[in-house]
Amino acid sequence: MAMRAMMILALFLPALGIAADAGSNPTGGWQTVVAKVAPSVVSIIVERDPEPPVEEPQPEDPEQEGPKIPNIFAERSTAPVSGTIVGAEGEILTTHFNILRAKKIVVRLADGRRFNATIKGYSARKDLALLKIDAKGLPVLPRKKGAVLEIGAVVAAVGRNSDNSPSVNAGIVSATDRMYGQAIQTDARLNYANVGGPLVDREGNLVGVTCNVTTSTSSRWGPNSGIGFAVPCAMLDKVIPMLKSGVNEGKPGYLGVFANPDAVADAGAVIADVHPGSAAATGGLKAGDAIVGFEGKPIANFDQLRRAIINKMVGDKVELIVKRTTDEKSETLVVKITLGERP
Amino acid sequence: MKNIFRIAAGLLIVAWAALPASADAVQKQVAAVAKKAGPAFVFLGGGSGILISADGYFLTNHHVIQKIRLMSAQLHDGKLVEIEKIGIDPVGDIALMKIKNGKNLPFVEFGDSDALEVGRPVVAIGNPFGLASQAMEDRREPTVTLGIVSAVHRYQGNYSDAIQTDAAINPGNSGGPLFTLDGKLVGINGRIATRFFNRVNSGVGFAIPSSQIRRFLEPLKAGGVNGVVPHGLIVGLNISRKEMEGIGAVVGRIEKGSSAEKAGFREGDLIVRFDTYAVGHWRRLLGILGAYPAGAKVDIVVERESKKSTLAVTLEERPASPDEENEGQPRGYLGIGVEQTDEGIAINNVAPGTPAEAAGLQIGDVILKFNGAAVKSPDDVVSVLRASSPEDEVEIVVRRAAKTMTIKIKLVPHPG
């Protein structure tokens, strides 16, 4: 009897070992989840005219001159991109970058059916766009009830490849408060093909929609860097109705001032440098100026300035209170600036 | 017999059911590491740091400290704190700092980097691209990434005994911690190998191992020599480049009357063990030696005529290399070290935070031309740099694998 018990144990232990190995790899074993989630992920084929070349990257900090590094991400791929079904009656969410300058948009479903799509609304600032196709009864991803997103949660970015097969890139939630409350951060690898698809958890629940993979040189990390963003469900619930009602939101207003990275507490937002060609440059702001008020709000540091600007749009007229110290004299100025686009 | 099969089937079903639970365990562990280490994280200028004691000692990279202008840092709750420099190790790229008047601060504990195995999950925490300042609230969230140990004991120039990981590490992660899933500190992240000269993660990150940092901790706390802790050296010992793969490192010429001779080394000895590490190759020996401070006492096992003996050695000070020396006159600085190899003159070190690193030069790149002239010896490169001025632009033609490229790099003032 003891011999037989030993034989059973001998059979059992390797099985336990295999189970432990497969389970301890958070990026393994996604097959069931992908099968569940894939019907809600679509492929989007965009026709557009050849695009103007992307400008060479401007040094973020003009002081930090270095060798000119060519922007290898400057060319958009012509392959299909991804989208997420967010409404059973044919509402598809994808990124604004994915449909920028599109002449014709075709959505290809999991079963291969193709539909022409129209743009209901977009937000350049949030990098989202809502498309509409003439289809009904489409599967929408479930949400986890009472979900609290945790840093370290294992998630996967699901997309569609050019042959319409699903792709899955797993990773974790890296941070929950990015882009001033608009996005979460993940190290699941995002690229030009899978961005616009859903970010899901290990049970196949929707966590967010991936975004911010563009050829813009202000996203210095580029695709596939382990730095990726997704608009979480709570924010989607605010944005989708806005886009559905036909709102087209432009780009965020840009001031164009660089912070001194070693901040002295409560000195205002002290400018280390002004971005040439920006609204700040046109408005006459200078290095050394301290912005102490913005649209009636007192500003104690650069973080406060950034948060005050975050909801402003291109073309917004704003009033700044600036403290300028030259030699012995210190003067307080009222500066009116029209926010522009990031040059 | 039937009962046995029933039991076996039952056990296998239990094992199978255990599968998803293990994956959840990893998620719980990563979340726990992030929760515990987050409050011990230090935001420093353009980089990261990590608290290692309740009274405020924290670690970061030396190249992060070189760039900050004010002696202040920020903690996870947004609070600004005053900091001071305790000791630095520029060669090993480590700086020991302290939060002034630190009390009851959250901190992390060291793990054993020598126990790491390839494939083990690790978590990196840092502030790539300054993303933590994009918060709506005052508190700051560092970026948490997950990967595995890709390799250990990597010889990457001054990172002579590095942990290699595929956890996403980008500019801004420098000085930040690398943890195993039990929340123990096994490395400080500081370098990445990049692609197409773009300074963005491409799956290869390097961390200084905790085993090395722990050896330097007391000398750093004591302040070193004018604040600098020199690395160790066995004076008078030359190591042969003879390939004895897997067997050991062969001792070359021994200088007469030197410490090496007095310690008992003889030309032709086979070094097989250095302190706790097995030595299988001369590069590994140099890598291990590069991870020790001056003054360290180590036992070295040598084989001579099939007999093993242990030599007790106290490491002396390694002098600054010609590349690091201050020669008085302000001159240009690129940030590379070069050596003669079978393929030509190759870069054997790229110092972090230098024009060379920013331009994407990598260890192993073969320099074909320097300012238009063919490069046949290390001196062809060193002499041009010695005669240069800050702000000079140099033109370098390098070969990496099958690709040849021409890069123009602007020098900076020598930091000596």
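**A loop and its surroundings**

Author: Start with Asn212(A), which sits in the loop between strand E12 (206-211) and strand E13 (228-232) of chain A. Strands here are DSSP runs marked E of at least two residues, helices are runs marked H or I of at least four, and both are numbered from the N terminus. The model is predicted: local features need pLDDT of at least 70, side-chain atom pairs count only at pLDDT 80 or more, and totals for chains, interfaces and linings use all residues. Residues are numbered from 1 along each chain as its sequence is written, chains are lettered from A and ligands numbered from 1 in the order in which they are written, and side-chain values use heavy atoms, with hydrogens and water left out.

Asn212(A) has a positive phi, near 65°, and is not a glycine. Most residues other than glycine have a negative phi. Asn212(A) counts as buried because its relative accessible area is 17%; the class needs under 20%, exposed needs over 50%, and partly exposed lies in between (1.4 Å probe, protein chains only).

The loop between E12 and E13 of chain A also holds Trp221(A). Trp221(A) is buried too, at 6% relative accessibility. What does Trp221(A) contact, leaving aside neighbours within four places in sequence? In its own chain, Trp221(A) meets Asn212(A), Ile227(A) and Phe229(A). From chain B come Phe129(B), Leu131(B) and Val200(B). A contact means heavy atoms within 4.5 Å.

Next, the strands around this loop. They belong to a closed barrel of six strands, E8-E9-E10-E13-E12-E11 of chain A, with antiparallel pairing. The twist averages 45° from one strand to the next. Two strands pair if DSSP finds at least two bridges between them. Strand E10 (residues 183-186) of chain A is joined to E13(A) by three bridges, and the two run antiparallel. In that pairing, Thr186(A) stands opposite Gly228(A) of E13(A). Helix H4 (residues 233-244) of chain A packs on the sheet. H4 touches E12 and E13 of chain A, and its direction makes about 65° with that of E13(A). Such angles run from 0 to 180 degrees between N-to-C directions; the axes are lines fitted to C-alpha atoms, for helices over the stretch in contact.

Cys211(A) is buried, with a relative accessible area of 1%. Its sulfur lies 13 Å from the closest cysteine sulfur, that of Cys233(A), so the two are too far apart for a bond. A disulfide is a pair of cysteine sulfur atoms within 2.5 Å. By that rule, the count over all chains is zero. Cys233(A) counts as buried at 13% relative accessibility.

Neighbours within four places in sequence aside, Ser174(A) contacts Ile151(A), Gln185(A), Thr186(A) and Asp187(A) in chain A. From chain B, Ser174(A) contacts Pro142(B), Thr143(B), Val144(B) and Thr145(B).

Now compare another loop. Where is Glu295(A)? Glu295(A) is in the loop between strand E17 (290-294) and strand E18 (297-298) of chain A. Its phi is also positive, near 50°, again in a residue other than glycine. Glu295(A) is partly exposed, at 37% relative accessibility.

Val270(A) gives another case, in strand E16 (residues 269-274) of chain A. Val270(A) is partly exposed at 30% relative accessibility.

In chain B, helix H3 (residues 210-221) has 12 residues. From first C-alpha to last it reaches 16 Å, close to the 16 Å expected at 1.5 Å a residue; that span is 1.5 Å times one less than the number of residues. Buried residues of H3(B) include Phe216(B), Leu217(B) and Leu220(B). After H3(B) comes Gly223(B), with a positive phi near 95°.

Last, the whole of chain A. It has six helices and 20 strands. Of its 343 residues, 49% count as buried. Among contacts with a separation of 6 or more, 65% join residues 24 or more positions apart.
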